[in-house]
Every structure is written in C-alpha cells, then in structure tokens.
Amino acid sequence: MATARESTIDAMRAHLAEPSSRGIADAVTAALRSGELSAGDLLPPVRQVAHRLQVSPTTVSAAWSLLSRAGAIRTDGRRGTRIASLEQRGPARYRQALETRPAFALDLATGVPDPLLLPDLGPAVRKIRTGSGPSSYLEAPVLPELEAQLRATWPGEPERITVVDGAMDALDQVIGQFVRPGDRVVVEDPTFPQILDRLEAAGAVAVPVAVDRHGMRSDALAEALSGRVRLVVLQPRGHNPTGATLTPARVGELCRALADHDCLVIEDDSAGDLSDHGPVSLARRLPARTVHIRSFSKSHGPDLRIAAVGGPASLIDPLVERRLLGQGWTSRLLQQVLLELLRDPAGVRAVADARVEYAQRRRLLADGLAAEGIDLPDGEGLNLWLPVVDEAAALVLLASRGIGAAAGRPFSAAASPEPHLRVTCGLVATDHEHLAVQLAAAARAPGWSGPR
Ligand SMILES: Cc1ncc(COP(=O)(O)O)c(C=O)c1O
C-alpha cells in the first residue's frame, strides 16, 4: 500500500507539466484544487520529492519557496512543511504595513485620507428620511436612486450594480465566492496588502505581476497567464501604493493579453472620485467576466463603509444571494447619505477640491524628492512608493525624526522585491521640501551589515 508521502508525490507527479520549480509549485496547487492535497497535509522531505520527480533538491526547495511566499505552505521547523491551514490566516501583511506603533508627530504609514478634506457629512445626515426602511428583508439591496446615480458615472453598462460595506468587503465577498484553495490569482506587484492576506486566507496562490507608471504590465501579465489563472486583481486608478492609473492603451493591451483566457477580472478602484481621470475599466471589452469595485472611502470617508460593485448578473447575483446568509444588505440610511453627497453641489465641490489638493501635495513632495535626486514616476492618489536602500534602516531613521511610513515588504508577493516605503503624501499639508529632504536621507540610509 502506498504511504501518505508516496501518494502525495504521486498526486504532484500526475499534475507535473514541467520539471522546474514553477512546474512543481503549480503541480502542488493543482493537487490542492483537485482535492488530492488539503490543508494540514504534510509534504514529503525535499530529497524524497526530488528523487521521485527526478529533479534536483534545489529545484524542489525553490518550489517550496514559491509556495511559501504565496502562503500555500508553511514550514514548522523539525515538524516539517505542511499545506497551510486556512483557519490560521488573518490580515498579517495588512497589520504589518499599517499597525502603528509610537505616536509619530507625522504618521504617513496609514493610507487614510485627510479628515479635513472629506465632505461634511452633517447636512447629508440631517436630510436622511428615517422610518422608510425595507418592507421586506428580500427587498433589492441598493436604493434605486443611488443605483441610477452610480450608473451615470460607471464605466460601461453592467447588468448589475450593488452596494457593499467598502471595497474590502467587496474583495472578501468576491474572493470567498470565486476562489478555491490552490487557485492561481494574478496580483499587481506591489499591491494592497489586504488583497494578499485575503487570497492567502482562501488558500490561493498569488502570482505577482509587475506594475509600471501605467499600471499592471501587459507583457508580465501575458507571461503569468501561461499557467492556468482563476482571477486577476488590479487597480485601475491611483494604484495603492504606486499611484499608477491605467491608460487607454494599457487597458487595450491588458484586454488583448486576457482575450484567450477565461479568468475573471476584479478591479479595485479605491481612488474613485479622487482620480483626475474618468472611469477606467476593462469591463467595456470584457463585460462578461469583469467585476468593478468603486470605493467611496478615500473620497467621502472610510467610516461611511460604502463601495459599489458592478458586473454581469452571473457574477454579482451569487454575491447578493450569499449576503442574505450574513449581513443581508448595506444600511439604506448610509446609502441615503452617500446619495445626498453625490448629488449635493457642496458635497461634489468638496471632493473636487480634495482632488486638486491631493494632486498638489503629491506633486510638491515629488518635486522635493526630485531636487534630492529621487525621480518618481507620475501618479495620483494618496500615496508615494519610495525606493530605498534598506527598509528597516529607512524606517528607523524616519522614526528618529518623528515620521512614520509603511514598510514596503507586505505590499509584495514577489520572492525578493526591491525595498520601498509607502508614504501617505496625501496627509502632508505643509513643509513638503523639508519632508522631502528627510525622506531622501531615509531612502539612502544603508542597511546594517553587521560587525566587520
Ligand atoms: C487598493 C485598496 N483597496 C481597498 C481598500 C479598502 O477600501 P474600503 O475602505 O472601501 O474598504 C483600500 C484602502 O486603502 C485600498 O487602498
């Protein structure tokens, strides 16, 4: 009778398309998808796998590293390497990037909008009609007037638009609904850490694809699509952390790269109304498989907890149905507040003013950095992605000057990403030149190389 170890290797061998580290990693994820391997299973020792698959132990170790970076396996010292357990997965990268620490005089790690640039909720709240709640728990989850308002600026004409409790809720629902353990999911490199955490919790394998100043690179996407991919997650505007926005040309290239593949596309438009560009989406070209999420957190306030999600009925209806097993819908009271803010000239003006102010803050800091010899690509949104020599050294230097920033590592699923800091420039209202000098010094700070 085959031992557990041998049958694990047999399952891998059955799915092995090529004897490379990528091929072995793909074989493990395929075995996970098919149910031949599951959470908690012990993987056989590297040498045994290498011997049976007729590859070198280095190749198997490299495959284990790929799987470990993607969160699919965990090594626990002498107890060996196991398929990661889904229950233990939480927002680890997200906490690592955002959790603050000592009270900084200037905390630029947070990624949140400047409270002073948010529209005043007071007048909108006072206009809420109370007592007009749903007549049935099965009523449509989105106010018809809000849906009409959203459709007026939505990219394309989706069959369905619904409203959820923020983009993170939308991502949670979509990934929970459509991603299974072992699925390969293309993500931007870098990307928002919470996306990586959520994929890890789903047992998915994140496949990082490089981003340039126009967003996800289509050549790198085409390469990632050479293996089977379930989902592509991208940010169309004001990419967090780099600030990139997809150009029409890039949208076309990405659609061409995706044309012969049947994977889903999830667009996380967290910049939303703060973007200087009109709505951007692959949905016009790929309407049957694109879900577009628009958050109102950055433009109208994170505590509104509202995002809209649009897409084909085949993808949105299951989400709406699934929600009926949980929260059901997003409060219509909050929907009324958002609707009022989107209609009211003062609300619209406040968001337009914030857009101009954020662009100015970003430009002033980028100009200051350029004067220090650090040229960053153009971008928009609340953050700058600052290349540094060493993340820890840069953070320590900034902390010693009362400035907080986020380490770049949690933003990447790559094996060895270039060191960066994410700096929430949207919170910097004054003294840009002075801050640029401090950031440039931090960017140059050498890492500790130990005693000589
Ligand atoms: C790219 C990205 N997606 C999602 C979110 C979360 O958005 P929400 O507050 O709508 O949940 C953020 C917030 O920083 C973000 O930057």
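V163 stands opposite A308 in strand β11. The model is predicted: local features need pLDDT of at least 70, side-chain atom pairs count only at pLDDT 80 or more, and totals for chains, interfaces and linings use all residues. Residues are numbered from 1 along each chain as its sequence is written. Helices (H or I, at least four residues) and strands (E, at least two) are DSSP runs, numbered from the N terminus.

**Strand β4 and its sheet**

- Strand β4 (residues 160-164) is antiparallel to β11 (residues 307-311), and five bridges join the two; strands count as paired if DSSP finds at least two bridges between them.
- The order β4-β11-β10-β9-β8-β5-β6-β7 describes an open sheet of eight strands with mixed pairing.
- At the edges of this sheet are β4 and β7 (215-216), each of which pairs on one side only.
- Four of the five residues of β4 are buried, so the strand is largely enclosed by the rest of the structure.
- A residue is buried if 20 or more other C-beta atoms lie within 10 Å of its own, exposed if 12 or fewer, and partly exposed in between, with C-beta atoms placed from the backbone.

**Helix α2**

- Helix α2 (residues 21-34) has 14 residues and reaches 20 Å from its first C-alpha to its last, close to the 20 Å expected at 1.5 Å a residue; the expected span is 1.5 Å times one less than the number of residues.
- Because eleven of its 14 residues are buried, α2 is largely enclosed by the rest of the structure.
- The buried residues of α2 include S21, I24, D26, T29 and R33.
- Packing against these buried residues involves the helices α1 (4-15), α3 (46-53) and α4 (57-69), together with the strands β2 (81-83), β5 (184-189) and β6 (205-212).
- Just after α2, G35 takes a positive phi of about 90 degrees.

**Domains and their contact**

- The domain assignment, automatic or from a database, gives domain 1 (4-88), domain 2 (92-116 + 347-444) and domain 3 (120-344).
- The C-alpha centres of domain 2 and domain 3 lie 24 Å apart.
- In domain 2, 32 residues are in contact with 33 residues of domain 3, contact meaning C-beta atoms, placed from the backbone, within 7 Å.
- On the side of domain 2 that touches domain 3, α5 (92-98), α15 (345-371) and β12 (384-387) each supply at least two residues.
- The largest share of that side, eight residues, comes from α15.
- By class, that side has 20 nonpolar, seven polar and five charged residues; Ala, Val, Leu, Ile, Met, Phe, Trp, Tyr, Cys and Pro count as nonpolar, Asp, Glu, Lys and Arg as charged, and the others, Gly among them, as polar.

**Residue L342**

- L342 is placed in helix α14 (residues 332-343).
- L342 is buried, with 22 other C-beta atoms within 10 Å.
- Not counting residues up to four places away in sequence, L342 touches Q149 and G347.
- The C-alpha atoms of L342 and V142 are separated by 15 Å, although these residues are 200 residues apart along the chain.

Terms used:
Contact = placed C-beta atoms within 7 Å.
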